[in-house]
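Here's a walk through one model, salt bridges and DNA contacts included. Have a look at it first, then read on.

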There are 2 protein chains.
Amino acid sequence: MTKPTPDPRHTLTLRDVSEASGVSEMTVSRVLRNRGDVSAPTREKVLEAARALGYVPNKIAGALASQRVNLVGVVIPSLSNMVFPEVMTGISEVLDGTGLQPVVGVTNYLPDREESVIYEMLSWRPSGMIIAGLEHSTAARAMLGRAGIPIVEIMDIDGDPINHAVGISHRRAGRQMAEAIIAAGYRKIAFLGTQMPNDFRAKKRLEGFEEALAKAGLTLVDREYYSGGSALLKGREMTAAVLNRTPDVDFLYYSNDMIGAGGLLYCLAQGIDVPGRIGLAGFNGVELLDGLPRKLATMDACRLEIGKRAAEIIAGKASQGEKVELFPTLQRGDTIR
Amino acid sequence: MTKPTPDPRHTLTLRDVSEASGVSEMTVSRVLRNRGDVSAPTREKVLEAARALGYVPNKIAGALASQRVNLVGVVIPSLSNMVFPEVMTGISEVLDGTGLQPVVGVTNYLPDREESVIYEMLSWRPSGMIIAGLEHSTAARAMLGRAGIPIVEIMDIDGDPINHAVGISHRRAGRQMAEAIIAAGYRKIAFLGTQMPNDFRAKKRLEGFEEALAKAGLTLVDREYYSGGSALLKGREMTAAVLNRTPDVDFLYYSNDMIGAGGLLYCLAQGIDVPGRIGLAGFNGVELLDGLPRKLATMDACRLEIGKRAAEIIAGKASQGEKVELFPTLQRGDTIR
DNA sequence: AAGGTGGCTGTTAGCGGTAACAATAGCAGA
DNA sequence: TCTGCTATTGTTACCGCTAACAGCCACCTT
């Protein structure tokens, strides 16, 4: 029994496996891809040789030859806010069976970076792209439109998709929340959220929110923005600032659950009567909230479902229309009276 | 002025740009990669043609021809626990200037999945790989060892790296925490953590922790495990369970900050004197803790730094030795007396 | 016995780029 | 004017794999 002595300088190719097993490269290729007919004994020989050598196929060459790439580009703004990981889960779940593989790119909410991430991804000729949001640079839209692959824009449907869109209407979500708040009798409502030059979805929620307020003859009594840092801490700080500046405020609407949770903890620590004296609401429905002393009112963003639907479109499992709208449910929690 | 009429069926190649600009494919290639000498007017012509057509280079072909791939595989167990996003930040920061691009793969703590993610990644012939942990299947280790590219195993250094390792000693971290707890006078210490068939780092921390307890003649008075679900909520539940089962416990050591935070909120809600009656500590130093009513004792895992160092090794910016050990600092917070 | 037929394996010709080298032109110096 | 050199551009030969098709052989069929 000779020890397999792989030349350490030379990376293995089909030819090595072919020589080791005494068949043609083509046959090796067929065995390794499970395609076409190969007799059982040949298959065995090849597989053993490949295993013994430790051969790892070169997908670059394979992709070039077959004009097929089993990659799906996923472009998202951030990994650290607990919302996209869940989308990824949905995507992976669906893609898992299909031989397709997600490849993640992060843009940090920077349009330039988004453009270059998209460019980079497209240059690998993926089978499809999933991209957060409907707002992209002209160049990015053009590239995507010309790529000749399915493009699914996710999270948001308030706008014109390049190809397909799967998401919720953030404008409507904002409106709905405002209506619920007003119906509960709150009147002095403040907004606390991200400084959002490029968080278009947060912006749309706020637009919808203010729209509904206006319809009821109300306007925001205060607003406070932040950027960067620990969202939970920022939530505390902003809440303190607002309560200090506008003592008679009776509702705090947060642009996301994390700062909302910070605000909730702050109010509880201050002994403020929630939701009697002040009501609170966030957005996203992150599972973090389940562990809070009191459950923050929120609206889930259908993240898992969005991921799944998007992946299904890419995988061709669904002949969806252009827009797939999902409907978030309002979870009143314990912070709206 | 004729409108550029890109055949919508046909994806563009260098040849299209070459024909549109009247130079050879090679020259176009040179312009687009900024390599070799090309006269200014030619460069202009080519760039304009490429832009007008909306040409996106095919990296697959480029990579095959040049035997160079600007990708770095990053294999991590999870995206949703707030620890890896920060590692990714460190990696991106360093890689950004180098032309290298990270590609993330997620294993969900499943060894089989890790193996297949590694296989898949290697088949794209990346320039390097960064992988969480030192424990991998034999096959995975073999593949990585033979790949002929720099392999950096991160987070942990208690073991034998394939190539390079950048991380902290979790055993030592556990020991240190135990020593601090004992020194503070706590004696009835319980552990609460993940059901960790494959979270080797949590396991090592616990080992180190118990080792130090043993040296002081102590053993854990209770332990509680969980898996899945909202970590914050699980922290509450587990804490309740332990306090109920072992009323005289005086310290709760959590395997991560998230469940620790849940425990802290629970204790505070119960009006328990922290850190007088009961002390608490977690692990990781996630920024989430900054927003809590009281600061949980923890140990930062040097995540950003680990990401940076690993990327530097891959980028060849550092001729680091085999192991790079970083030293976490104990943050006592407000939950150790 | 000639002519299928199906199962298996091999051959050929690229896929779309790039490395390496060849070719050409323009120009200075001898 | 001729040589030598530099700056620029083109040509050729792959990179490692797969689609498409060709070939071969055993086994039927009629």
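## Salt bridges in chain A

Glu207(A) and Arg171(A) form a salt bridge, with their closest N and O atoms 2.3 Å apart. Glu207(A) sits in helix H9 (residues 200-215) and Arg171(A) in helix H8 (residues 170-183) of chain A, so the pair ties together parts that are 36 residues apart in sequence. A salt bridge here is a side-chain nitrogen of Lys or Arg within 4 Å of a carboxyl oxygen of Asp or Glu. Helices (H or I, at least four residues) and strands (E, at least two) are DSSP runs, numbered from the N terminus.

A word on the ground rules. This is a predicted model, in which local features need pLDDT of at least 70 and side-chain atom pairs count only at pLDDT 80 or more, while totals for chains, interfaces and linings use all residues. Residues are numbered from 1 along each chain as its sequence is written, chains are lettered from A and ligands numbered from 1 in the order in which they are written, and side-chain values use heavy atoms, with hydrogens and water left out.

Back to the pair: Glu207(A) is partly exposed at 36% relative accessible area, and Arg171(A) is partly exposed too, at 24%. Buried means under 20% relative accessible area, exposed means over 50%, and partly exposed is in between (1.4 Å probe, protein chains only).

Next up is Asp222(A), which forms a salt bridge with Arg245(A), the closest N and O atoms being 3.0 Å apart. Asp222(A) belongs to strand S7 (residues 222-226) and Arg245(A) to helix H10 (residues 231-245) of chain A, so this pair ties together parts that are 23 residues apart in sequence. Asp222(A) counts as buried, at 11% relative accessibility, whereas Arg245(A) is partly exposed at 46%.

Then there's Glu19(A), whose side chain meets that of Arg15(A) in a salt bridge (3.2 Å, N to O). The two are four residues apart in helix H1 (residues 14-21) of chain A, which means about one helical turn separates them. Glu19(A) is exposed at 54% relative accessibility, while Arg15(A) is partly exposed at 45%. Together with Glu25(A), Arg15(A) and Glu19(A) are linked in a network of salt bridges.

Here are the three pairs side by side.

| Salt bridge | N to O distance |
|---|---|
| Glu207(A) and Arg171(A) | 2.3 Å |
| Asp222(A) and Arg245(A) | 3.0 Å |
| Glu19(A) and Arg15(A) | 3.2 Å |

Over all chains, the count comes to 34 salt bridges. In general, side chains of opposite charge can pair when their charged atoms come close.

## Around DNA strand C

Which residues come nearest to DNA strand C? Of the 25 residues around it, they are Thr42(A), Leu14(B), Ser29(B), Arg33(B) and Tyr55(B). "Near" means that one of a residue's heavy atoms lies within 4 Å of the strand. By class, this surface has 11 nonpolar, 10 polar and four charged residues. Ala, Val, Leu, Ile, Met, Phe, Trp, Tyr, Cys and Pro count as nonpolar, Asp, Glu, Lys and Arg as charged, and the others, Gly among them, as polar.

Helices H2 (25-33) and H4 (59-66) of chain A and helices H2 (25-33) and H4 (59-66) of chain B each supply at least two residues of that surface. H4(B) gives the most, with five residues.

As for the DNA atoms within 4 Å of the protein, 66% belong to sugar or phosphate and the rest to bases. An N or O atom in the side chain of Thr42(A) is 2.3 Å from a phosphate oxygen of DNA strand C. Ala61(B) uses its backbone instead, with an N or O atom 3.2 Å from a base nitrogen of DNA strand C.

A cis peptide bond joins Val274(A) and Pro275(A), with omega about 10°. Pro275(A) lies in the loop between helix H11 (257-269) and strand S9 (279-281) of chain A. In chain B, a cis peptide bond joins Val274(B) and Pro275(B), and omega is about 10°.

Met82(A) has a positive phi of about 65° although it is not a glycine. Met82(A) is buried, at 18% relative accessible area.

Terms used. A polar contact is a pair of N or O atoms within 3.5 Å; within protein, one must be able to donate a hydrogen and the other to accept it, and residues adjacent in sequence count only if both atoms are side-chain atoms.
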